[in-house]
Structure formats: structure tokens, C-alpha cells
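Dear colleague,

Please find below the structure that I am handing over to you.

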There are 2 protein chains.
Amino acid sequence: MHTVTGATAATGADGARPAPPLAALGLDIGGTKLAAGVVDAEGRVLSFTVTSTNPEEGPERGLERLFGLGRKAVAESGLGWERIGIVGIGSGGPLDTTRGVLIAPPHLPGWRNVPIVALAEEALGLPVALENDATAAAAGEHRFGAGAGTRHMVYLTISTGVGGGTVIEGKLYRGASGNGGELGHVTVDCAGRHCRGCGRKGCLEAYVSGTSIAERAQEAGMGAVTAADVVAAARAGDPVATTVWDATTDALACGLTSIVNLFEPELVVLGGGVVSGAGEQLLAPVRDRVRAESMAPAGGAVEIVQSALGDHVGVVGAAVIAFDRLGSLHRPD
Amino acid sequence: MHTVTGATAATGADGARPAPPLAALGLDIGGTKLAAGVVDAEGRVLSFTVTSTNPEEGPERGLERLFGLGRKAVAESGLGWERIGIVGIGSGGPLDTTRGVLIAPPHLPGWRNVPIVALAEEALGLPVALENDATAAAAGEHRFGAGAGTRHMVYLTISTGVGGGTVIEGKLYRGASGNGGELGHVTVDCAGRHCRGCGRKGCLEAYVSGTSIAERAQEAGMGAVTAADVVAAARAGDPVATTVWDATTDALACGLTSIVNLFEPELVVLGGGVVSGAGEQLLAPVRDRVRAESMAPAGGAVEIVQSALGDHVGVVGAAVIAFDRLGSLHRPD
């Protein structure tokens, strides 16, 4: 039996239940990449490994590769399986966290009603928890990242799509449905751009996702470019790219101001590929404008910072979910 | 000593502390009207009385009239003062609920840093709790109104301005600042109408408040009309009024969809003068559109209903706040 802290040692020592596991295996299913990592109870990433998702190969082959990646992460962690008692999985929704099923995630076309928790428990022989990936990431940043110690925090991730999660009164918010809030689908302009994610008009995601930035750049005459190309060209002073980029930060500031006005968080953490690629080129104008325009009575004192966990946020978040939901369970064996 | 329920009788019977008060005096400070009512612990309104605010007379005269109105409500309630142990006050913010101070509410021009809780405690000889009026109204609808029994609820009030409050996991949400969310200041169109409430562009309040409806009607050529005139003319088939009204319900549906996407409530309760005046002429199109467009994974199953407390919501909400914050305190005498 292994113990993590004095407090958990005391729990283990009473003989009634085993000590919590030393570490968790976190698995993250993105539309482009699968990631796996072993994370200990203090948030240290002991191993981290990534491969491509290839969702078109279907769920059976995809999960085989995911679980293989998890085994690789454990092997590289320096810990034996007996020290890793639990597994957390993060994925884009819609999903059913109670039944442990991926319902029909748009980033995994063709994966419908996949009982991923049962399949993972069978394959890995450990208890498994499933969570919306953005909710899990919010939990990760709150526990071990930029939001540690805050009571009210919003996490927004901007990459292929836009998602996020919230912490309210120190607790992860899951909403009446258990899926948490859809932070990418707050309106910027109700008569604006078509939103592929939800079908209505003018959502935040329709302006600031990597996909949308590239689309708007193409419409502005930049040709077939990526969001990263737009960021680089704007930084170099290209006038068309600057216009596209300014519209991006304007839309993000607008959407974020709505989010801040509704939740009144003390901290907003921004993560995802677009944010890590642009850094202060994105954060500085957005921070200034949200602070100037939001109604938070603290006088615009909301903090807006970049994710501290970076590429690890998915697996750390999934591990935090596993610790929270499964950390005190008995091992099934 | 009077007791309210078996549970509180048990508390009272131990001799250590008196039973909670039988009823609370609720006071509501609107920009147009002051209201006072005595509300018992089961939400029954035992008395209700209203007068005009006349905020231009200043806080001293205004509070004198408010406290006089409260005394009248107690006299008309059939209860003696000894049965009314506590007072709740609701007002538009910004206010400091901890220090009990109205900071600078825009609906009360010239009232700055008014220590209303201390003044009310001195005038009425009872413990007093202060709360943002929309937050208090949300508490009232959740405890005794349309939201009774729900875990996740949004209350939106549409009258001169637009405000609201949220209940999350069965608890009133106050945000990091203690002022709750500013539900009127979610964006409908980031390049849209100037919002008088916050100074930025395109907030929900700038389209659907009574003030904004009247302004938009005037701009559309209807002359100096009220929101109620627009509702009546649209109902009678007037084409200009219909255009103005449809834009109103469109904007409300858009803003409410953002709110539903962010909070994922099971229920939205709409109150305030514009809602009670228009009824299903407002609720039906908004309900259809929010259900069709929101991403709540329950399949658009969010319920959208009218306030059950109507004109009483302010005093009932203030009374609920008083019960929650002061219900177990000793009387100061």
C-alpha cells in the first residue's frame, strides 16, 4: 500500500480502506491528437505521450490505439501499474459522464454511443472516469495550474473549436445536464457568421476558433492560410492579416466580456493552440478591453492569464477528474 | 416564543437560542417604486404596500419614506413587531452586501455610499440584510415561486432595465464580487446599440428593456410611446409595432440562448413589467427559439416560464434573503 500525504496515510492506516492511488493515468481524446500521461496526486506529469487520432478508422481501432498509448505512458512513468489505481478520460461532448458513453462527438465522426468507460475498464483493469475535455481542463488548471487557489474561475480553450469550463465557489460547475457550459457558444453578433458548431449565427466560436480565423483570412484574400500564419503575418505588420487579427481579438474580448459579466470570475485562464501560438499578441488587447468593458464591480479587476499547463492540460485535467471521482475507491482487483 | 416548523421548534426548545422569527419584513427599492411586505416563513405575503420612490428627494427623505412604508406593512400584516424578527432589503447595485452600503445605484441618482443597513437597523430595531434586487428576486422565485424544487435556475427581469440572478446546485450564485451575474449585459450584437447601463455596445438590455423598446419604437416612427403601447399595437397587427416587437423577441431569444448555453439551467423564469405586460406574446416566440437554438444537451428541454410571484417578487425575495442570512440570529433587543 502506498500513501501520498500524511492525511491519506492516516486514512490508509485505519485498515478500513486502502490509501488513495499514488498516480492516475490521464487520457485525452482530441479530434487531431490522442494524449496519455501519468500524473501524480500533486499534479506532476511523470510521463506524456501523443499520437494522431485518425478518427476515421472508427472507435474500435481508435480506442485500441488510445489504450496502447496509455500503457506506453505507464511504462514510461517509472511507476508500476499497482501504483496507478485510476484512469481519467477527457473528450469533447456530447457525452454521458454517468453512463460513461461518448454519445456523438462532432470531432470523432462516426463514433456513436461508444461505451468508452466499460471498454477502458476492461482493457486496463482499473476504474475509469469520463469527463467533457474542457470541463476536465478547467479542473486541471484550477487544481494544478494558473487557477490554483481561486474560488471563481473561467477556463476558455481556443483551438480547432472553442470550449471551456467554470469553477464556482471552488467547485467544478457541470450544469443541470452534467455537460458544463458551452462557452464557445455565447453570441458575438446574433446576425453574424454561421456557427458550424451549433448551427446558429454569430457565436464566439464562429470568429475566434483556429478554423474560423483561417476562414476569415481566406475571405479577406490571404489565400489558404492557417491561424498561425495569420498571427505571424499580423505580427510582421501585414495590413490584411492585421485586420483579420484585430477582428479576432475584438470578438474574443466581446464574448469574454459577456462571460465575465455573467459569471463574475476572479480569473480567466485562456488555453489551446491559438492562445499558445499568439501569446501576448492575443492576451494583451483582450485583457485591456475586457477589463475596460466588463461590469465586474471590482472595477474591471478580473485577471486574464495564459494556461499554465499548456499541452499537458488535457491529461492533467483527466487525472484530476479521476482523483476526484475515483481516488477513494477500492481497486477492482 | 413562536415556532414555524417542527425542526425549528426543536431548535427553540433547547433553550440555547430563540426560535427563528415567524415572518420577515421585505423592502424593495426600485427606481420608480418602493415596496414593503411582510412575508412568513412559508412564503405567504401577509401584507403588501407600495409608494413612489422619488429618488431626487435624496436618500434621507427616501429612506424615511421606505421605513415608514415598512412600518405600515407590519401594521397591516396582523402580526406584532415581536413576531417579525428580521428585515431584508433589495436594491439595484452596485452595493456592498457585507458592509451594507448602497454604493452608487444608477436608479437612485445622487444616492452615494448610503449605509442603508445601519440606518435601517437603527430605525427599525431589527437585524437587516441587504442584497442586489435581482439576486433577491431569483432567491424568491427559487424558494417560493416558479423555480421551487429546481437545482439550476436563471431568473431574468425585464422592466426599465434588465437584470437577473442564478441558482446553481440549489444555491444562490453571488460571483467573486458578491453581486451575482449581470445578465442584462450579455452581448446581442457587439457592434450594435449603445448600452446606457454599461457604456458598451449591443447588450441585451439595449434591446429589450422597456426603455429600449420605447426608444426603438420612436426611431421606427411610432412617436413617443411606451413599451406597453408597442405590445398592444403589435397585438393589434400594426406593422411597425410588429417589426419592433419581433426585433425585441429576437434579441431576447439571442441573449437568453447565450445565457442558457453558459449556465445550462433546467429552468428560466422571466419577470418584470415588460414580461407581465406581454405574457405569451413574449414568452411563446422566445421559448420556441431558445429551445431550438440552445445547445443544452438535454435537447433544448430548458423550461421558460413567467414569474409566479409577479409584483411581490421584490419583497418576497428580500424576505428570503433575510431568512437565509438572519433567520437564526438572536433579536438585538
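Predicted model: local features only at pLDDT ≥ 70, side-chain atom pairs only at ≥ 80, totals over all residues.

The model scores are an ipTM of 0.87 and a pTM of 0.89. For chain A the average pLDDT is 90, and 91% of the residues score at least 70. Residues 1–14 of chain A, however, have a pLDDT below 50, although this stretch makes 22 contacts in the model beyond near neighbours in sequence. The pLDDT is also under 50 over residues 329–333 of chain A, where the model has 12 contacts beyond four places in sequence.

Turning to the two chains, chain A is superposed on chain B by a rotation of 180° with 0.0 Å of shift along the axis, at an RMSD of 0.0 Å. The two copies are therefore related as by a two-fold rotation axis. The same surface serves both copies, since 100% of the contact residues of chain A recur in chain B. Within chain A, the residue that comes closest to the rotation axis is A:D189, with its C-alpha at 2.0 Å.

The largest nonpolar core comprises 91 residues, and A:L156 and B:L156 have the most contacts inside it. As a general point, nonpolar side chains in soluble globular proteins tend to be buried together. Beyond its neighbours within four places in sequence, B:L156 is in contact with residues including B:V162, B:L183, B:L204, B:L252, B:L256 and B:I259.

B:L204 is also touched by B:A251, as are B:V188, B:Y207 and B:V208. B:A251 lies in helix 8 of chain B. Its relative accessibility is 4%, so B:A251 counts as buried. From B:A251 to B:A206 the C-alpha distance is 9.5 Å, while the two are 45 residues apart in sequence.

Helix 6 of chain B, residues 210–222, may also interest you. The C-alpha atoms at the ends of this 13-residue helix are only 15 Å apart, whereas a straight helix would reach 18 Å at 1.5 Å a residue. Its buried residues are B:G210, B:S212, B:I213, B:A214, B:R216 and B:A217. These buried residues pack against four helices of chain B: helix 5 (205–208), helix 7 (227–235), helix 8 (239–263) and helix 9 (273–278). After helix 6 of chain B comes B:G223, which has a positive phi near 80°.

With kind regards

Definitions and conventions:
Residues numbered from 1 in each chain as written. Chains lettered and ligands numbered in written order. Heavy atoms only, no water. Helix = DSSP H or I, 4+ residues; strand = E, 2+ residues; numbered from the N terminus. Expected span 1.5 Å × (residues − 1). Buried < 20%, exposed > 50% of the residue type's maximum accessible area, 1.4 Å probe, protein only. Contact = heavy atoms within 4.5 Å. Core = buried A, V, L, I, M, F, W, Y, C linked by side-chain atoms within 4.5 Å. pLDDT = per-residue confidence, 0-100. Least-squares fit on C-alpha atoms with pLDDT ≥ 70 in both.
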